[in-house]
Amino acid sequence: MSIDRSDIEKLGELARIHISDENALASAQRINEVLALVDQLQAVDTANVEPLANPLGARQRLRLDEVSETNRRDAFQATAPATEDGLYLVPKVIE
Amino acid sequence: MTWETVIGLEVHTQLATKTKIFSGASTEFGAAPNTQACAIDLAMPGTLPVLNAEAVRMAVMFGVAIDADIGLISAFDRKNYFYPDLPKGYQTTQLERPIVLAGKVDIQLDDGSTKTVRIHHAHLEEDAGKSLHEDFHGMSGIDLNRAGTPLIEIVSEPDMNSPEEAVAFAKKLHALVVSIGICDGEMAQGSMRFDVNVSVRKKGEELGTRTETKNLNSFRFMERAIVQEVARQIDLIEDGGTVKQETRLYDGDTHTARSMRSKEEANDYRYFPCPDLLPVEIDQAYVDAVRASLPELPEARRTRFMDSYELSAYDASVLSDEIATAAYFETVASRCGDAKLAANWVTGELAARLNSEDVLIQHCPISAEPLAALIARIIDQTISNKMAREVFAAMWEGEGEPDAIIEARGLKQVSDSGAIAGMVDVVIANSAKQVENYRKADEAKRPKMLGYFVGQIMKASKGQANPKQVNEVLLQKLDALL
């Protein structure tokens, strides 16, 4: 599998990242190198191998359903660009 | 050529945990904006999610209640998209390995038959925050209290063929999740939200192109949205057009739906396994323990109501579907001692009032105990049914306990047999003509003629004579004249 410049532009759009023309070409090249490595990995027969989520075979630990967080709104909102009535304000969202 | 409608549902159900799915922030409804949004919910750098055990238990509880296979190993994925009420830039959800696998839900149709709706799967995920679009100087306001509230998204197979079936299924799911205590069922607060997938086809043909209408939060909206969408698709095709695969948004204020985005410009969510969360592993013993803790399901309750209270299938079904209604009814029945009368009141006067005032039974201004006390006054013949309805209305308005209202309004009915006999004698003496007609009438016609006498007696007693006794005494005395 390989990707071209238009794929990079689409990914940039989805990730809301501006990618300049010269960067687009270079990025496509670098990502294709990674994909070549992936192709190599995918060539290995793993039909009888259980997928591994992490090298230790660890499983998710669970947390008790108890409230442990307090209201720290003032602290969080101190770094927000705009707030009002306890709300975070963002550029108008139009569906 | 007749059209067939094909409907599948995706149901977002908020789980009734005390805290978020990945953080220890409270999920309580109605708090001031952003006071329950902690660093994890806000996606502050350096935070990591830790899964809530109770959310897992509730999801498994749903699974065993619909007879589903449980994913003993399930895993979380990231669904990437940008929206201000999703601070992380992705929703943590389950795509490849959901916790609840295929199951089924039986629905009862109007003709009395039962239909099985297959559940494709149900998965755990987090809810987003809320965007408030009223004008804040040209900006939108964001409240992240809801961000991270645990949800299960229940995905049905396209097994429903009419709006009625879809609503019956939605109501059945609602009753189920509330009954097993995993959701508070408060639709107005968004505790259950529906996305409906609708397509039409000519009978026997391949499935048509479907559209998805999102975010319906009431049964009525859902029904209207489906009816409209089916009509729109059929019109489109009959006019020579084709249905485009698209997402539509229903507006409950205007009762119209509009296209939100079409498939061509659809979001590419770029799902991938969430590196912050390990696979969730549960064992069969855990699933068995959850199954053993399953409370009575609506289905079993209905059968029990029919058996132990001798209720009709209809009454039993109405009273058993929602656990709040069932609990209310059972309290009234045991306190007043007459299950049939209790059922009549709960499905009749009470249901009508709740319906007309649009109040849920859990918020009913008359709780079960006072209603039982009122019914007890009918049973001991202190008041008639008619008077009881008056007392009921006064109780609804908050005028107090039934006995106090009966006393204050002088509503006691006359059950003194001597007094009633006296009134009957007077009316018979003053109604020579009617008595003569009664005597000459066919036996079959006589019962209908009693109405006149009863009316006169009730009038004489100012409506306070015990109607049952009046009937008995009257019949006795008239028959003596034959």
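**Figure 1. Strands β2 and β3 of chain A run antiparallel and are joined by two bridges.** The model shown here and in the other views is predicted. Strand β3 of chain A covers residues 87-91. Leu87(A), in β3(A), is the bridge partner of Glu84(A). These two strands belong to an open sheet of four strands, in the order β2(A)-β3(A)-β9(B)-β8(B), with antiparallel pairing. The edges of this sheet are β2 (83-84) of chain A and β8 of chain B, each of which pairs on one side only. Strands of a sheet pair through backbone hydrogen bonds, in either a parallel or an antiparallel way.

**Figure 2. Strand β1 of chain A is joined to β2 of chain B.** The two strands run parallel, and two bridges join them. Strand β1 of chain A consists of residues 62-63. Arg63(A) has Asn52(B), in β2(B), as its bridge partner.

Figure 3. Contact between the chains involves 52 residues of chain B and 34 residues of chain A.

**Figure 4. A salt bridge links Asp268(B) to Lys10(A).** The closest N and O atoms of this pair are 3.5 Å apart. Between chain B and chain A the count is two salt bridges. Across the interface of the two chains, 21 residue pairs are found in polar contact, with both residues at pLDDT 80 or more. On the side of chain B that touches chain A, the elements giving two or more residues are β2 (51-52), α1 (53-65), β8 (130-136), β9 (139-143), β14 (256-262) and β16 (280-281). By class, this side of chain B has 29 nonpolar, 13 polar and 10 charged residues.

**Figure 5. Three strands of chain B form an open sheet in the order β5-β4-β15.** The pairing in this sheet is antiparallel. Strands β5 (90-93) and β15 (272-273) are the edge strands, and each pairs on one side only. Strand β4 of chain B, residues 77-80, pairs with β15(B) over two bridges in the antiparallel sense. Within this pairing, Asp77(B) has Pro273(B), in β15(B), as its bridge partner.

**Figure 6. Met187(B) lies in a loop of chain B.** The loop runs between α2 (163-179) and β11 (192-202). Met187(B) has a relative accessible area of 12%, so this residue counts as buried, the cut-off being under 20%. Leaving aside residues up to four places away in sequence, Met187(B) touches His174(B), Met192(B), Phe194(B), Asn217(B), Ser218(B) and Phe219(B). Met187(B) and Glu4(B) are 183 residues apart in sequence, and their C-alpha atoms are 29 Å apart in space.

**Figure 7. Ser320(B) lies in helix α6 of chain B.** This helix covers residues 313-320. Ser320(B) is buried, because its relative accessible area is 0%. The side chain of Ser320(B) reaches the backbone oxygen of Ala316(B) at 2.7 Å. Apart from residues up to four places away in sequence, Ser320(B) touches Pro298(B), Arg301(B), Arg302(B), Phe305(B) and Ala326(B).

Key
Residues numbered from 1 in each chain as written. Chains lettered and ligands numbered in written order. Predicted model: local features only at pLDDT ≥ 70, side-chain atom pairs only at ≥ 80, totals over all residues. Heavy atoms only, no water. Contact = heavy atoms within 4.5 Å. Salt bridge = Lys/Arg side-chain N within 4 Å of Asp/Glu carboxyl O. Polar contact = N/O pair within 3.5 Å; in protein donor to acceptor, adjacent residues only side chain to side chain. Nonpolar A, V, L, I, M, F, W, Y, C, P; charged D, E, K, R; others polar. Pairing = 2+ DSSP bridges. Buried < 20%, exposed > 50% of the residue type's maximum accessible area, 1.4 Å probe, protein only.
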